[in-house]
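Me: I am new to this structure and would like to go through it in questions and answers. Please show it before we start.

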Amino acid sequence: MSRDDRATMPSRATKPVLGRRLRTWGTFAACLACGTGLLAWLTTAMLRLELAEVEARAHAQHELAIGAALWQMDGWLLPLLATEAQRPPSDYRAFNPMQVAYTSLFNKLTPGEVMAPSPLLGVHSPYFLLHFQMDESGTLTSPQVPEGNALDVTQNQYNAAQIEEQRAVLDSLRRLLSPGSLSSFCSTGTAALPEQQIQGQQARVQTITTPDPLPEWTSNIQQRAQVAGQARNRNEYFAADGWLTGTDPGDATRGPLLPMWIGDSPHGERLAFVRRVTVGNQRLFQGLVADWDVLRTAMIGQISDPALAARAHLRRVDKPDATTQPHLLTVLPALLEVDPPEVTMPLWTPVRTLLLVAWLALLGAAGVVAFTLHAALGFGDRRARFASAVTHELRTPLTTFKMYSEMLATGMVSDPERRQQYLVTLQAESDRLARLVENVLGYARIEDGRFAARIESVPLGDLLARLRPILARRVEEAGTRLSVLCETTEARLDVDVDAVGQILFNLVDNACKYGQPPIEVRATTAGSHVCVRVCDDGPGIPVSHRERVFAAFDRGSRQPGDNEAPGIGLGLALARGLARDLGGDLRLVDTPRGACFELTLRRRVGGAPRGSA
């Protein structure tokens with residue numbers, strides 16, 4: 001094999017190794033990208049599902065809270081409206097003539113001679129501004145706003161300012177109401193509601209109970225109704241126009257009390273409750289006007305959840321439909337609107353914890369696989385370098401052995417001097433093979449953990465004296481010079497002499513191959529350690545290759561001419577392994593010129609061994 005062939009052999013062998021590494025790492029990267037993409041998609045999907053679940057749960061709780069609020073508001077208002085719905089038609093006249101009346105002496109009076117005031121006269125409700133009545137001709141009256149002589153009587157007995165306020169409300173109603181609008185509303189008010197809404201309202205009404213006690217303002221009405229209606233409860237008197245005014249009329253019919261919005265402007269809207277009353281051939285419309293602002297505030301105040309009540313407000317609904325039914329009050333055409341609460345996700349949830357564990361597992365698995373691949377590829381590369389280096393290193397001595405042994409065996413060399421020269425060459429090659437095999441076996445023992453040191457206590461001077469002949473012989477073979485210096489010869493070491501000799505021989509062998517004379521071995525002490533330096537005066541080792549020199553089967557980047565130096569790149573790796581097994585270390589020291597390796601060993605101090613066997 002020529003020098004050029006030996007120079008280009010490592011670069012040619014590197015190409016398939018590099019291609020194999022690229023394919024392996026490319027496959028790993030593709031698998032990792034697929035796994036990461038799948039887990040990222042799964043993470044996004046699970047987080048979206050979790051958010052949707054939290055939002056759905058919050059929405060359900062929000063709807064339940066709204067349903068409870070509607071129930072509370074309906075439960076508070078419905079008894080008040082039920083009382084108004086049961087009010088007899090005669091209460092909508094300021095004064096009603098009594099058909100049967102007696103004096104204190106029980107003398108019967110003429111029918112109609114005694115007039116009884118309406119229970120509504122002089123009553124002021126915080127929620128209802130006025131009760132009114134309209135006939136078919138459009139005449140609008142109120143039992144709380146009497147006219148003519150009745151007004152003179154009431155002004156002396158009741159609050160005149162209150163009557164004037166109620167008169168102003170009555171005047172505003174005259175501009176807004178007409179018999180046609182009331183008739184149309186009473187005819188279509190119930191029919192305009194969808195069937196689902198009617199059923200839902202009926203079901204909600206069945207669950208509502210009368211609050212106890214009733215508001216204070218109703219007690220005055222009840223007391224007056226009890227006094228003024230004693231005869232009516234027995235169907236014992238009639239109005240002047242002849243129709244029955246009792247609570248159980250014979251030819252009078254009363255329709256349901258229906259809520260009605262009056263006015264189009266949001267600032268001028270009024271809420272009224274209207275019913276149609278038919279007495280014989282006469283048709284009347286009776287109702288009451290609510291103070292919507294006060295009533296709305298009072299209804300929202302019935303909500304037991306303060307946070308919900310703070311976000312709630314009631315809005316007018318003119319044409320209820322199925323979409324507004326879930327949030328629609330039963331007794332009012334009003335929609336309860338509540339701003340939904342802000343949905344907040346907790347920092348840690350079971351889903352997020354599971355995803356975090358999954359990501360950590362993926363990263364851990366990727367790290368383990370990457371480390372395993374790196375170790376496997378490194379082992380494969382070292383094995384390939386070992387096979388290539390050993391094969392190349394064995395070829396030359398084996399060729400020499402074969403050729404010289406054949407020449408000597410066949411008697412082709414008759415000159416005694418040449419025979420002696422061949423024998424010396426065979427001896428040198430056998431030593432070279434022995435060192436190669438010993439290095440390989442020693443490195444294998446260190447790698448397998450089978451290295452067993454034979455520790456003995458020896459002074460530093462004696463140790464160097466025992467190893468100097470071996471080192472000097474190798475230096476003489478290289479044709480260079482060796483100097484051994486020891487500053488403290490009495491320092492004692494507990495070491496394996498053969499292992500230390502193998503370390504120093506490999507260092508001197510490297511200096512002979514790649515360095516320049518002189519080669520110096522200098523031993524010094526530093527505290528509890530002994531430092532042995534092997535230095536040469538050669539070109540040194542480039543900074544970029546200073547860590548690689550300790551890698552097994554890696555000779556660094558050598559120039560083509562340098563490849564002629566024999567070796568498999570195992571000497572420094574073996575030397576560092578032996579040094580560390582002895583409790584010391586081997587490192588490359590920065591020097592101005594050449595290469596310098598420092599072996600550090602523990603020394604015995606005060607009779608006690610420092611270091612381990």
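Predicted model: local features only at pLDDT ≥ 70, side-chain atom pairs only at ≥ 80, totals over all residues.

Me: How many helices and strands does the secondary structure of the chain come to?
Reply: Helices (H or I, at least four residues) and strands (E, at least two) are DSSP runs, numbered from the N terminus. The count for the chain is 13 helices and 17 strands.

Me: What percentage of the 613 residues count as buried?
Reply: Buried means under 20% relative accessible area, exposed over 50%, and partly exposed in between (1.4 Å probe, protein chains only). Of the 613 residues, the buried share is 39%.

Me: At what angle do α11 and α12 pack?
Reply: Axes are lines fitted to C-alpha atoms, for helices over the stretch in contact, and angles run from 0 to 180 degrees between N-to-C directions. Helix α11 covers residues 460–478 and helix α12 residues 497–514, with their axes 10 Å apart and an angle of about 25 degrees.

Me: Why does α11 count as roughly parallel to α12?
Reply: Angles under 35 degrees count as roughly parallel, over 145 as roughly antiparallel, 65 to 115 as roughly perpendicular and the rest as oblique. The angle here is about 25 degrees, so α11 is roughly parallel to α12.

Me: How do the residues of the contact of α11 with α12 divide into nonpolar, polar and charged?
Reply: Contact means heavy atoms within 4.5 Å. Among the residues that make it are Leu463, Arg474 and Ala478 of α11, and Val497, Gly501 and Asp509 of α12. Ala, Val, Leu, Ile, Met, Phe, Trp, Tyr, Cys and Pro count as nonpolar, Asp, Glu, Lys and Arg as charged, and the others, Gly among them, as polar. The division is 13 nonpolar, 1 polar and 4 charged.

Me: Is Ala478 buried, partly exposed or exposed?
Reply: Ala478 is found in helix α11. Its relative accessible area is 37%, so Ala478 is partly exposed.

Me: Which elements do the buried residues of α13 pack against?
Reply: Helix α13 (residues 571–581) is mostly covered, with 9 of its 11 residues buried. Those buried include Gly571, Leu574, Arg576 and Ala579. The buried residues of α13 pack against α10 (416–448), α12, β16 (585–589) and β17 (596–602).

Me: Which residues is Gln166 in contact with, leaving aside its neighbours within four places in sequence?
Reply: Gln166 lies in helix α3 (residues 160–176). Its relative accessibility is 4%, so Gln166 counts as buried. With those neighbours left aside, the contacts of Gln166 are Val123, Leu129, Leu130, Gln144 and Val145.

Me: Which residues does Ser183 touch, not counting residues up to four places away in sequence?
Reply: Ser183 lies in helix α4 (residues 179–188). Ser183 is buried, at a relative accessible area of 17%. With that exclusion, Ser183 touches Arg276, Arg283 and Phe285.

Notes:
Residues numbered from 1 in each chain as written. Heavy atoms only, no water.
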